[in-house]
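Work through the exercises below with the sequence and the 3D structure at hand. Each task is followed by a worked solution.

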Amino acid sequence: MSKIIGSSLKNIPWQDKPKGFNGPIWRHSENPIINRNPVNGVARIFNSAVVPYEGAFIGVFRGETINGRPHIYLGRSKDGLHWEFDEEKIKFFDEDGKPYQPLYAYDPRLVKVEDAYYIIWCGDFDGASIGLARTTDFKTFTRLENPFLPFNRNAVLFPRRINGKYVMLSRPSDNGHTQFGDIMLSQSPDLKYWGEHRLVMQKGGNGWWQSVKIGCGPAPIELDDGWLIFYHGVTGTCNGLVYSMSAAILDKDNPAKVLYRAGSFMLTPEEWYEERGFVPNVVFPCAALCDADTGRIAIYYGAADSYVAVAYTTLDETLNFIKEHNEVLPLDSTDGKI
Ligand code: BMA
């Protein structure tokens, strides 16, 4: 069986799989872990990302302010489940030290690459596109050049360079509530100039749960023989879009190539906090903590655009599910250079 390449994380939030539960991902029993109105002036926190930090946990949180605009807030937690937030949104400065605040910022991801932590979000760049910032201490945040042209609204970095390049997954889109979308990959020698774009995975397949669009989720998890990604897939119903999640394995040296991909969802909206909220029927994964020793994985996901929830799986459970439901689409298995 494959192994996670990474650190041990003994204090990873964890609950064993409930007896009699058959699914590959099981929910934390005290979900949602963040409720409405968590901070003065913030109505909802959801679609947010966390990392281990100094023996505890730190995260960047999508805070929907009471005028409806989302911004990114910093949060800290001892156990990864109970969070305290700064009252003020994160202040970003450019590389010359001048204020460089996003007009709005949502769906942040947080990834450690070498000695720095990177925040990747969707913000306004004459339309929705991707924002990128670096911090080493969670006190000062340096906003870098916007990686892509508009429109694009969903991106995450790989946690290390591959073949000497930084690698970003993203989902190019339109200026609205995009009714299409595949996962692409872009590469950069310096986090400034991005190119060598590749197609990674397309929506669709035999099942319907990912028929409208797909988008990347947490930072890819390095395995000895590939990269594990959790991602969201969207289906259309007469009552609107439904967001579920599943997983795939990408090639280790060329992650534009999909080795295995689950043709069925691993988690879909079922609980009240996933089915009922500002946008009903949404599970939207943005972060995953892993313990390399045990293969335990804790996934943080936004629920119904209203709450943050946690769910658990293990590497073995996930790999078994992916392989049992394997369905790689024709262009997924190529090197993506079309
Ligand atoms: C997507 C993004 C997410 C959101 C989802 C469901 O397009 O805007 O932030 O969770 O829609 O509303």
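**Exercise 1.** In this predicted model, find which residues of the largest nonpolar core touch the most other members, and which strand gives the most to this core.

*Solution.* Start with the core itself: it has 39 residues, and Trp83, Ile119 and Tyr300 touch the most other members. Next, look at where the residues come from. Strands 2, 3, 4, 7, 8, 20, 21 and 22 each supply at least two residues of this core. Strand 2 (42–53) gives the most, with six residues.

Now take Ile119 on its own. Leaving out residues up to four places away in sequence, its contacts include Val60, Ile72, Phe92, Leu110 and Phe141. A second, separate core has 34 residues, among them Phe148 and Leu169.

**Exercise 2.** Lys10 forms a salt bridge with Asp293. Which parts of the chain does the pair tie together, and is Lys10 buried or exposed?

*Solution.* First, check the distance: the closest N and O atoms are 3.3 Å apart, and the cut-off is 4 Å. Lys10 lies in the segment before strand 1 and Asp293 in the loop between strand 20 and strand 21, so the pair ties together parts 283 residues apart in sequence. Third, compare the accessibilities with the limit for exposed, which is over 50%. Lys10 has a relative accessible area of 72% and is exposed; Asp293, at 52%, is exposed too.

**Exercise 3.** Where in the chain are Lys165 and Glu196, which form a salt bridge?

*Solution.* The closest N and O atoms of this pair are 3.0 Å apart. Lys165 is in the loop between strand 11 and strand 12, while Glu196 is in strand 14, 31 residues apart. Lys165 is partly exposed at 24% relative accessibility, and Glu196 is partly exposed at 40%.

Methods
Residues numbered from 1 in each chain as written. Predicted model: local features only at pLDDT ≥ 70, side-chain atom pairs only at ≥ 80, totals over all residues. Heavy atoms only, no water. Core = buried A, V, L, I, M, F, W, Y, C linked by side-chain atoms within 4.5 Å. Buried < 20%, exposed > 50% of the residue type's maximum accessible area, 1.4 Å probe, protein only. Helix = DSSP H or I, 4+ residues; strand = E, 2+ residues; numbered from the N terminus. Contact = heavy atoms within 4.5 Å. Salt bridge = Lys/Arg side-chain N within 4 Å of Asp/Glu carboxyl O.
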